[in-house]
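User: I'd like a close look at one part of this model. Here it is.

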Amino acid sequence: MASADNAIPPGESPEPYLEEAHDPRRRDFINVAAVAFAGVGAGVVVLPLVNQMSPSADVLALSTTEVDLSKIAEGQAVTTTFRSQPLFVRYLTAKEIAEADAVPMSDLRDPETLEQRTKEGHKNWLITIGVCTHLGCVPLGNKEGEPRGEYGGYFCPCHGSQYDTAARIRKGPAPTNLPVPEYAFTSDTIVKVGS
Amino acid sequence: MSFPWANQYQPKNPVMRWVDERLPLPRLVYNAVGAGYPVPRNLNYFWNFGVLAGVALTIQIVTGIVLAMHYAANADIAFLSVEHIMRDVNAGWLLRYAHATGASMFFIVVYIHIFRGLYYGSYKAPREMVWLLGVVIFLLMMATAFMGYVLPWGQMSFWGAQVITGFFSAIPVVGESVRVWLLGGFAPGDASLNRFFSLHYLLPFVIAGVIILHIWALHIPGSSNPTGVDVKGEQDTVPFHPYYTAKDGVGVGVFLLVFAVILFFAPNYLGHSDNYIPANPLSTPAHIVPEWYFWPFYAILRAFTFNFLWIPAKLWGVLAMFASILLLFFLPWIDSSPVRSGKYRPTFRIFFGILILDILVLGWCGGSPATPGYVITGQIAAIYYFAHFLIILPIISRTERPRPLPNSITEAVLAKKGGSPADSTLAAE
C-alpha cells in the first residue's frame, strides 16, 4: 500500500525497503505460499463434501443379487432387482436362440452376438438389466402376455424401442442393447449378479 | 457510509467495469471487505472474532446442508439415520462431527466476540444498533442450536426438548396450551421433530440476513478500536484489504487448527454421552444438562428454588433466564460512561474481570448436578450477574474517574512503539 504520498505504510518499519534487493520479493513469496496452502486446504475440504453424495456403505452392501434358476421353466422369464433396478432373467427357447443367431451383425446398431451376451455353456440364459437404454423406462416383454415387439424380445412403451430375443436394440431411439450386468454361475442353477 | 479518504473502486478490466455499471456487486464487496473500507490501524486480535463467527456460520451451513441430505426427521428413524450418517455415509462421521463441534466453536467465537464488545465498549454510541442486532443474532443462535440438538433424537435431545418447551408452561393461564402448541403434542414427538428440523434449516439463513444488517450498521460509523477513540483522519486508518484480510487470515488459520484438534481428537468431549441412547419418553437421564454454551443460563434458571412474592419459583426461573439475555438490549443505556474502552476505565476493568469469573462460576454450576452446594453457589452468582448490570455498572459509569485518553489512534500507536507523531512526520519527509 506504499505510495508517493504515504511513504511509510502504517505498522511498518521506516527503514527503506529495497525491492530490487530481493528477487522474488519476500512478500510475494509469502503471498503465493499462503494462498497455495489455503487452496490445497480448501480442495481437501471439498473432497468429503462431494464424496458424501456417492452411494453409502449400506447401499453398496446391496449391490449383489443371487438368482435361483431352478424354478424357471424354458421360455419363461422372471424379473428381480439388482441395485434397485429391474433385472430380466430369461430362459431362451431353442427357437429364440436360433432367431438371435440368424441376425447378421451388419443389421445391428450395437453389434454383439448372443454368445457375447451370455456365459459359455449357458447360452440359453439371457440376463440383462431391464432398463431401456434410451431414457430409462422398463421395457415390456418379460412377463407373459406383454407385447414383445416385432423382434420377439422386448418393447419399450415409452418411446417405442424394440429389442430382439438377445435383448439387442433393433428399432426405435435407444442407442445400445439392454446392458448385461457382471455375473457368474456359482453353481449350475445359481447366478450371482454383481461383484 | 465511509470515510472521505476511502479508496474508490476502480474496475481493473472491461468485464468487471461492464458488471459494475449494471450491478455494482464488486463495488459493494470492495467497500465492505476490500480496500474501500478504512479500518482503525490499531485493532488487536480480538477484532478477528467477527470474521471467525462468519467462518463458523459458513461451516455450519455447509455441513448442515450436506447432513440434511442423509438425515430423516421422523421420530422412528431419526436416531438410526444419524447412526447411518456415522457408519455408512462416505465421510459422514467427519461431516457430523464437524457440525457438532462446529456449533461449539461458533459459540466459543461468539462469546469472545461479545466479551470483546463488552470490554471495549463497542455497544456505545454510535454503535448501539450493531450491538442490538448482535443480541438478536445471539438469541437466534441459541434457538437454532437448541433445535439442532433435538434432531439426533437421543435421550438428551428428547429431554432437552421436554425441558426447554417446559419454559413456556411457566406462563400463567395459557402456558400449558402454548407448550402443547409448540410441540404439536403432549410430549416431544414426530410433529415436534419435524418442525424443529424445518426451523433448524431456516434460522441459519435468518441469522445470515441479520449478520448483513449487523455489518451494514457497523460500517456506518466504522469499526471501533482498542482505544475507543474516534478516527480523526486518514493517518488513523488502513484499508481493510490487505491489512485486515491478512490479519483475519492468520486468525482463521489458528481457529481452524483448534477446530481440527477438537474435531479429530475429542469430537465427543463437548457433547453428552447420553445422547447416544435413543430417546425414551419413559425414562429421564439421571443428570440432565444442556450443551455447555447454555450452562450459565441454565444455572440462572435453576437459581429460583422458592416462590417469591406471589410469583411461583418456576416462573421466576424462566423470567430470570430470559431477562439475563434481554438485559443486554439495554446495555448501551445502562452504561452511560462517555469513555468506551475498558483500557481507560480502571474501576470498570476490575468489575469486568469479576463479571467474567461470575459467568464462569454460573457455567460451572449450570453444568453440575442440582445439589444444594451448586444451587447456592449458582444463586449467589446469578444475583451478582444482575447486580453487575443493574447496580454496579450504572454507579461506576457515573462515579469512575477514567484515565486520560490519547488524542488520537495514531498517537496511541506511536506512544506504544516509543515514538511520537512528530517523529513520524519527520520520517515521512
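How many residues does helix α7 of chain B have, and how far does α7(B) reach from its first C-alpha to its last?

Analyst: Quick ground rules: this is a predicted model, where local features need pLDDT of at least 70, side-chain atom pairs count only at pLDDT 80 or more, and totals for chains, interfaces and linings use all residues. Residues are numbered from 1 along each chain as its sequence is written, while chains are lettered from A and ligands numbered from 1 in the order in which they are written.

Helix α7 of chain B runs over residues 155-166, so 12 residues, and spans 16 Å from first C-alpha to last, close to the 16 Å expected at 1.5 Å a residue (the expected span is 1.5 Å times one less than the number of residues). Helices here are DSSP runs of H or I with at least four residues, strands are runs of E with at least two, and both are numbered from the N terminus.

α7(B) is mostly covered, with nine of its 12 residues buried. Buried means 20 or more other C-beta atoms within 10 Å of a residue's own, exposed means 12 or fewer, and partly exposed is in between, with C-beta atoms placed from the backbone. Among the buried ones are Met156(B), Phe158(B), Trp159(B) and Ile164(B). Their cover includes α6 (128-150), α8 (175-183) and α9 (190-219) of chain B, going by contacts, i.e. C-beta atoms, placed from the backbone, within 7 Å.

Helix α9 of chain B also holds His219(B). His219(B) is partly exposed because it has 16 other C-beta atoms within 10 Å. An unreviewed UniProt entry annotates His219(B) as "binding site"; UniProt positions follow the numbering used here, feature names are shortened, and annotations may be inferred rather than shown by experiment.

Technical notes:
Contact = placed C-beta atoms within 7 Å.
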